[in-house]
Amino acid sequence: MKFSEEAVFIVKTLRDHGTAFVVGGCVRDKLMGVDVHDEDITTSILPQKVSEIFKELGYPVIPTGIKHGTVTVLINRKPYEITTYRIDGNYTDGRHPDSISFTADVKDDLARRDFTINAIAYDPVNDEIIDPYHGIDDIKNKIVRAVGDPNDRIAEDRLRMMRAVRFAAEKGMVIEPGLYRAVRNYAHEITSVSAERIGEELHKMMTGRDPREALVLLHRTRLLEAFAPELDILFDTPQNNPHHIYDAGHHTAAVLKDIESTDDVLRFAALFHDAGKAAVRTTDEKGIDHFYGHPAVSAKIAHQVMKRLKYSNRLIDGTVLLVKHHEEIGDPKMNMAKYLFRNQDIASPDIMKQLFILRRADVSGQNPDTWQKKYDDMDALEQKLARITVFSEKDLAVNGNDLIGYLRDRGIVLKGHDVGLLKNSLLHAVMVEKEENTKEHLLAICEKRYRMLLKEKGNS
Ligand code: ATP
Ligand code: MG
């Protein structure tokens, strides 16, 4: 196994004073042949001493978590976490050990780690692997297995339930049956973990390699029911409708699979796009299900759940916007320019591009018999979109000052609110009435349009 020069240097340096290994996710990912993001190091040397060793050599050292045995050394501006071998004491809060103690044996440290695939240490100086729990076999056989008794390990730290699902989905592995049962047993207690940490894990799953598998596993393990019942209920929401072949939950999973981009806004929009279906479902006399008005309800649920999981406003607002509008495009006869004029919140090429990606994925998660026509319709709509150059007032060839100046010369004093109304009227002129978007032309028609506005105002 080949690790970076920096990681090898750190291990070598530490080995002059004790023992040291690269450990955890980086060894697992190296063995799997996937990209390694951070190389963590574990050592017998106490944190204070680790800090001194690297400071003396002239490297910046950050006391990240001296209490937990972790210091961070910066080499070539990259941070490397070095953690002293640790034994975790009792867990009483279901998340953190009450106390920790240091140990000189790497095997003690590996014993506190969550899964066998994460409990492998490697010494790149002597090319030695320490794998007491047969993590290498589990990597080969693609099994997420607890180190030791799965019930005990989940009881210690509930977050491990989310981690088990995440690794299974991300690495294409299965959860070992004993661990799977332990997760199902404790799933309802996931809410004792902070909302931020649950949210972080869900975010990693949604932006990872297989968000479809992640969602289905969250449902099967009952974790979803515990931390997002609003989504879990979709798996109990049938869609007896010629457009659909799945219940709303499996449909959502299929849509997630078809969002190739790892853009979190798109992935979360897919996750929530039909969340409102359970609440609005009606069945007509022929036994066909309908979901009238579900996008608005879905948007509300997305907002509520994402706030609860403490996501950023950027992610929440972006998601809610796409969810709210996700069913509006599709009719090839629709007047795209008029639609954008009326829906200024999505009137930008970037947002429309996202909406098309979501819509295509949504369609591909429906009945294959109706795909082709819907895809053709969307191609036609995208061509219409490509011809649109004016989306909002900022794309107009005149700005507020141009209008104020031009009308002032004609004895008209344009006040704040009226500037906005006039600009909106000119936007309508360009987008819907197909007036030419040049400064000359817009100024030429602005006086007449302003008088029309005054008249309308007078009438209302
Ligand atoms: P990735 O960084 O790709 O998500 P990772 O395995 O590196 O995966 P980290 O959260 O960075 O995960 O943790 C590093 C290592 O620390 C893990 O490989 C595991 O050995 C150990 N570890 C992390 N969290 C826990 C936990 N909750 N319980 C037990 N061990 C843990
Ligand atoms: Mg890591």
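Into which domains is the protein divided? I looked this up before anything else. The structure is a predicted model. I found domain 1 at 5–138, domain 2 at 142–227, domain 3 at 254–381 and domain 4 at 393–459. I then took the C-alpha centres of domain 1 and domain 3, which lie 44 Å apart.

Next I turned to the overall build. I noted 23 helices and 13 strands in the protein. The radius of gyration is 29 Å, well over the 23 Å that the globule rule gives for 460 residues, so I put the protein down as more spread out than a compact globule. For the C-alpha trace I wrote down spans of about 85 × 65 × 40 Å along the principal axes.

I checked contacts and surface after that. Among contacts between residues at least 6 apart in sequence, 64% join residues at least 24 apart. Of the 460 residues, 50% count as buried. The protein exposes about 21900 Å², and I noted that carbon and sulfur atoms supply 50% of this area.

For charge, I listed 65 positive and 72 negative side chains. The centres of the two sets lie 4 Å apart.

Last, I looked at backbone angles in two loops. Asn-76 sits in the loop between β4 (70–75) and β5 (78–84). Its phi is near 50°, a positive value in a residue other than glycine. Is Asn-76 buried or exposed? I have Asn-76 at 62% relative accessibility, and exposed means over 50%, so Asn-76 counts as exposed. His-134 lies in the loop between β9 (128–130) and α5 (135–141). The phi of His-134 is near 60°, again positive in a residue other than glycine.

Key
Residues are numbered from 1 along each chain as its sequence is written. Chains are lettered from A and ligands numbered from 1 in the order in which they are written. This is a predicted model: local features need pLDDT of at least 70, side-chain atom pairs count only at pLDDT 80 or more; totals for chains, interfaces and linings use all residues. Side-chain values use heavy atoms; hydrogens and water are left out. Helices (H or I, at least four residues) and strands (E, at least two) are DSSP runs, numbered from the N terminus. The radius of gyration is taken over C-alpha atoms; the globule rule is 2.2 Å times the number of residues to the power 0.38. Buried means under 20% relative accessible area, exposed over 50%, partly exposed in between (1.4 Å probe, protein chains only). Contact means heavy atoms within 4.5 Å. Accessible areas come from the Shrake-Rupley method with a 1.4 Å probe; for residues, only the protein chains shown count as cover. Lys and Arg count as positive and Asp and Glu as negative; His and the chain ends are not counted. The place of a charge is taken as NZ of Lys, CZ of Arg, CG of Asp or CD of Glu. Domain bounds come from an automatic or database domain assignment.
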